[in-house]
Amino acid sequence: MERWSGRVAVVTGASAGIGEAIAEELVKKGLKVVGLARRVEKVQALEKSLKSEKGKLYAIKCDVSKEPEVTEAFKWIKHNLGGVDILINNAGVASFNSLSDGPVENWRKIFDLNVLGLSVCTKEALQSMKERGVDDGHIIHINSVAGHKDPTFVGIQMYCASKHAVTALTEGLRRELVQQKSKIRVTSLSPGAVETEILEASEFSEDSLKGFKDIPFLKSKDIADSVIYVLGTPPHVQIHELTIEPVGELF
C-alpha cells in the first residue's frame with residue numbers, strides 16, 4: 001500500500017457501515033480520502049477522529065444519485081486535491097418491493113443510486129485520471145453476492161437486478177480499458193450479508209427483517225480489509241472479482 005500514500009481516493013456512501021470503514025482504513029494508510037455522503041455531519045465526525053492518522057479525510061456533502069451534485073464534488077476534488085486516483089463505489093440502497101405492485105418510486109431509487117450513480121462517479125473518476133495521465137488508478141465497485149445469483153427470496157428482485165447490472169458494468173469497463181490499452185484496474189467486490197444500517201435505512205418491513213435475525217454476518221471492517229488487499233496487489237495484477245461471505249451463509 002506504500003505506493004498509494006499521499007494519493008487521492010474517493011469513497012461514496014462514507015457516512016456509515018462499509019463506506020465509513022473503508023474511508024478510515026485508507027486514511028490510516030496515508031491516503032487523502034474524500035468521503036461523499038448525504039449525511040455529511042457523520043463524515044465530519046469521522047474526519048475529526050482521524051486527525052492524528054497519516055492521511056486525511058475530507059467530508060463532502062453529495063447525493064450520488066443526483067448527477068449535478070456528483071459533478072460539483074469532483075470539481076471540488078480537482079480544484080483542491082488535483083484529481084482522483086482511486087474510486088470506491090460503495091453507496092447503495094435496497095428496498096423490499098414487488099414486481100406486481102411496486103412502488104415504482106422504490107425501483108427508481110435503487111437504479112438511480114446503485115447503477116446510474118455508480119456509473120456517473122466512474123465516468124468522473126476516469127476522466128480525472130486520464131486528463132492527468134494517471135494510468136495506475138483503480139475503480140472498485142462494492143457489489144454483492146446478489147449480483148451473481150437469482151433472487152433468494154421474493155421482494156429483493158429489483159435490488160438483485162441492480163447488482164447484476166454492476167457485475168455487467170465491471171466486465172464492460174474492464175474490456176473498455178483493455179481496448180484503450182489502459183493500465184487502470186477495475187474490481188467488483190461482492191460481499192454476502194454484512195452487519196450495516198442498509199436494511200433499516202432501506203425501509204424493509206418488520207416481517208422481512210425477521211428473516212435476517214439469526215443469519216451470520218460479516219463486519220464492515222472485513223470488507224475494508226478486502227479493499228486494502230485488492231489495492232495492495234502489484235500493478236500488473238487485477239482482482240477482477242472477489243467474493244467474501246460469512247461462514248455458514250444461507251444465501
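Me: Two strands pair if DSSP finds at least two bridges between them. With that in hand, which residue in E4 is the bridge partner of Val11?

Reply: Happy to start there: this is a predicted model, in which local features need pLDDT of at least 70 and side-chain atom pairs count only at pLDDT 80 or more, while totals for chains, interfaces and linings use all residues. Residues are numbered from 1 along each chain as its sequence is written, and side-chain values use heavy atoms, with hydrogens and water left out. Helices (H or I, at least four residues) and strands (E, at least two) are DSSP runs, numbered from the N terminus, and strand E1 (residues 8–12) pairs with E4 in the parallel sense over 3 bridges. In E4, the partner of Val11 is Ile88.

Me: Which strands stand at the edges of the sheet?

Reply: The sheet is open and has 7 parallel-paired strands in the order E3-E2-E1-E4-E5-E6-E7. An edge strand has a single partner strand, so one side of it is left without a neighbour in the sheet. That describes strand E3 (56–61) and strand E7 (241–244).

Me: On E4, which residues are buried on each side?

Reply: In a regular strand, side chains alternate between the two faces of the sheet. Buried means under 20% relative accessible area, exposed over 50%, and partly exposed in between (1.4 Å probe, protein chains only). E4 is covered on both faces, with Ile86 and Ile88 on one side, and on the other Leu87 and Asn89.

Me: Which residue in E5 is the bridge partner of Leu87?

Reply: Strand E4 (residues 86–89) runs parallel to strand E5 (residues 138–142), and 4 bridges join them. Ile86 stands opposite His138 in E5. For Leu87, the partner in E5 is Ile139.

Me: What angle does the direction of H5 make with that of E6?

Reply: H5 packs on the sheet, touching E5 and strand E6 (185–191), where contact means heavy atoms within 4.5 Å. Axes are lines fitted to C-alpha atoms, for helices over the stretch in contact, and angles run from 0 to 180 degrees between N-to-C directions. On that scale, the angle between H5 and E6 is about 160°.

Me: How far from Lys163 is the nearest side chain of opposite charge?

Reply: Lys163 sits in helix H5 (residues 157–179), and beyond four places in sequence its contacts include Asn114, Ile142 and Asn143. Lys and Arg count as positive and Asp and Glu as negative, with His and the chain ends not counted; a salt bridge is a side-chain nitrogen of Lys or Arg within 4 Å of a carboxyl oxygen of Asp or Glu. Lys163 is buried yet has no salt bridge, and the side chain in question, Glu241, lies at a distance of 11 Å.

Me: Which cysteine has the sulfur nearest to that of Cys121?

Reply: The structure holds 0 disulfides, a disulfide being a pair of cysteine sulfur atoms within 2.5 Å. Cys121 counts as buried at 0% relative accessibility. The nearest cysteine sulfur is 6.4 Å away and belongs to Cys62.

Me: What is the phi of Lys181?

Reply: Most residues other than glycine have a negative phi, and most peptide bonds are trans. Lys181 lies in the loop between H5 and E6 and is exposed, with a relative accessible area of 71%. Although Lys181 is not a glycine, its phi is positive, at about 60°.

Me: What is omega for the peptide bond that joins Gly102 and Pro103?

Reply: Pro103 is found in the loop between E4 and helix H4 (104–131). The bond joining Gly102 and Pro103 is cis, with an omega of about 0°.
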